[in-house]
Amino acid sequence: MAEPNSVGIVTAQTAHFDQPLTLMSGAVLPAYDLTYETYGRLNADKSNAILICHALSGHHHVAGRHRLDDKSPGWWDNMIGPGKPIDTNRFFVVGVNNLGGCHGSTGPSTINPDTGKPYGSRFPLVLVADWVNAQARLADYLGIQQWAAVVGGSLGGMQALRWSISFPERIRHSIVIASAPKLTAQNIAFNDVARQAILTDPDFHGGDFYEHHTVPKRGLRLARMLGHITYLSDDGMGEKFGRMLRSGEYKYGFDVEFEIESYLRFQGDRFSGTFDANTYLIMTKALDYFDPARHYEHSLSKALEQAKARFLVVSFTSDWRFSPARSKEIVKALLDAKKHVSYAEIESAHGHDAFLMDDKPYHDLMRAYMTNIAKECAA
Amino acid sequence: MSRPVTNKLRPDLLRIANWIKPDTRVLDLGCGDGSLLVHLRDTKQVSGYGVEIDVSNVIACVANGVDVIQNDLDSGLAGFESDSFDFVVLSLTLQSMRHVERVVEEMLRVGHEAIVTFPNFGYWKNRLQIFQGHMPVSETIPYEWYNTPNIHLCTVRDFEFFCEARGIHLLDRVVLHEGVDVDILPNLFGSLAIYRIRRP
């Protein structure tokens, strides 16, 4: 059964890089793999390529299905496909799994060729700037000199922003959705509670749990449950679950009683069975460290001065993890640097997760912006 | 990439466009679908941003290739640095602002000059309707009393007193009715006023 407007059945690919990558921390990855997927066709002058950057728990599989019987499609399937806002009839779309990930790219669970054992605790911390550097090499590998656009939500938006600073010549449009120029103390606090849940799990073994044939499931589960609370809004949660009870009456115990408890535990369980604990630690640290203004006298507008891209910044009214005020900081810096920027603040009850939802004004906005990019590519 | 220039720009927007010099930076507050900025970009190489509160207008601006910032003007222009624009335009929006004084003050802070247009409440048909015991409904004030977004209507004379009291310089004035200039008794025969002003 073919789905309309779907990129259909897709297969991930892996690119191997032998050129060592020096990370911001000073550590060096001598060689690494990046796993990616592509949809649509690269045009003759290679001007229609779009890079999709993933968020905290994301990966390269952004659209389509791997098998006919896949339960769910790629994580941004409502945005990417033939006739969708990011139209694969017009664009060559690339999804990539970042370094440190656990979906094929080199990360803590990968076998370290030097030791024959998983990297585990020896995998270096990777920062947003490192990911962008690695993605630039993937662009070289694919023969793409300049992205028509780099698009990302949340941590993905930080990569889209970083691209415009690190490689001003190699990106025409930067689309930064539900993101922030740097984390607040509150954001970092949430991340640290999540990390502490993992780090203090007795099954964590200092990050080398692979050798103990165990997984710190309890920690990862708690981390994800906490994360989920911050991605939803109080209103959205209230609307979906309220104080609904599973059995209809109070049981006066600590088992699952409220629907919201059931939902969070389900999400936590599912996640802890599929995601790597070390990857979660690395990704949250990349979030905490992100601060492109740091090397520009703490002025984001100075950091963005050299950018040549045009920007689209989008926020969602009920997002309190990365609130509209945070997006406005990015917009203000871009205005001060006299850059081309458009900003939309989309009404939504879905909190931070709104950027993955199928909301009409949001998708209309994306479609309008992407249509203009497509016209540039065709010119 | 060039876009076909629409000659169907509203008469008041055309007057505004005439005052704006080429190669300048313009901030258009309440910019609607961005047609003024499209016109200025295509005919005068003007750059700048629109500010809009309504999401469908924001989308229209994006479709028109205009840089637009979604923002509520009543919350101020804090996102914009002082003196960062040559012209700040507020077209047919002043009358619906909660804080008129602050908006004008902010416009003159952010821009070197400001251009303001508003429906003239002193237009004779408005006066006549009041005389007949009704709130005016006219071409430039097309709302009923119960559904109007307009909360601060004023006359040509009122606006000039407002500026005078604050030392704001009046640089230019055009008063229109149905797109045509009104030179005789403008406060009586003009339905729409356009001012170019500068800070004290």
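These legends go with a set of close-up views of a predicted model.

**View 1. The largest nonpolar core has 107 residues.** If you want to find your way into this core, start with A:Tyr280, B:Phe159 and B:Ile197, the residues with the most contacts inside it. Helix α1 of chain A, residues 128–142, gives the most, putting in 8 residues. In chain A, domain 1 (13–182 + 292–377) and domain 2 (187–284) both give residues to the core, so it lies between them.

**View 2. Here we zoom in on B:Phe159 and what it touches.** Leaving aside residues up to four places away in sequence, B:Phe159 touches B:Leu94, B:Val116, B:Phe118, B:Cys154, B:Tyr195 and B:Ile197. One of these, B:Ile197, also turns up with B:Phe159 among the residues with the most contacts inside the largest core.

**View 3. A second, separate core has 61 residues.** Among them are A:Ile80, A:Ala178, A:Phe316 and A:Leu365.

**View 4. A:Arg172 and A:Glu376 pair up in a salt bridge.** Their side chains come to 3.4 Å, N to O. A:Arg172 sits in the loop between α2 (155–166) and β12 (173–177) of chain A, while A:Glu376 belongs to helix α10 (residues 360–378), so the pair ties together parts that are 204 residues apart in sequence. A:Arg172 has a relative accessible area of 18%, so this residue counts as buried, the cut-off being under 20%. A:Glu376, at 29%, is partly exposed.

**View 5. A:Asp336 and A:Lys332 form a salt bridge within one helix.** The N to O distance here is 2.8 Å. Both residues belong to helix α9 (residues 324–336) of chain A; they are 4 residues apart, which means a separation of about one helical turn. A:Asp336 is partly exposed at 29% relative accessible area, and A:Lys332 is partly exposed too, at 22%.

**View 6. B:Arg199 and B:Asp83 link distant parts of chain B.** The closest N and O atoms of this salt bridge are 3.3 Å apart.

**View 7. Four residues of chain B join into one salt-bridge network.** B:Glu113, B:Asp172, B:Arg196 and B:Arg198 are connected through salt bridges that share partners.

How values were computed
Residues are numbered from 1 along each chain as its sequence is written. Chains are lettered from A and ligands numbered from 1 in the order in which they are written. This is a predicted model: local features need pLDDT of at least 70, side-chain atom pairs count only at pLDDT 80 or more; totals for chains, interfaces and linings use all residues. Side-chain values use heavy atoms; hydrogens and water are left out. A nonpolar core is a set of buried Ala, Val, Leu, Ile, Met, Phe, Trp, Tyr and Cys residues joined through side-chain atoms within 4.5 Å. Buried means under 20% relative accessible area, exposed over 50%, partly exposed in between (1.4 Å probe, protein chains only). Helices (H or I, at least four residues) and strands (E, at least two) are DSSP runs, numbered from the N terminus. Domain bounds come from an automatic or database domain assignment. Contact means heavy atoms within 4.5 Å.
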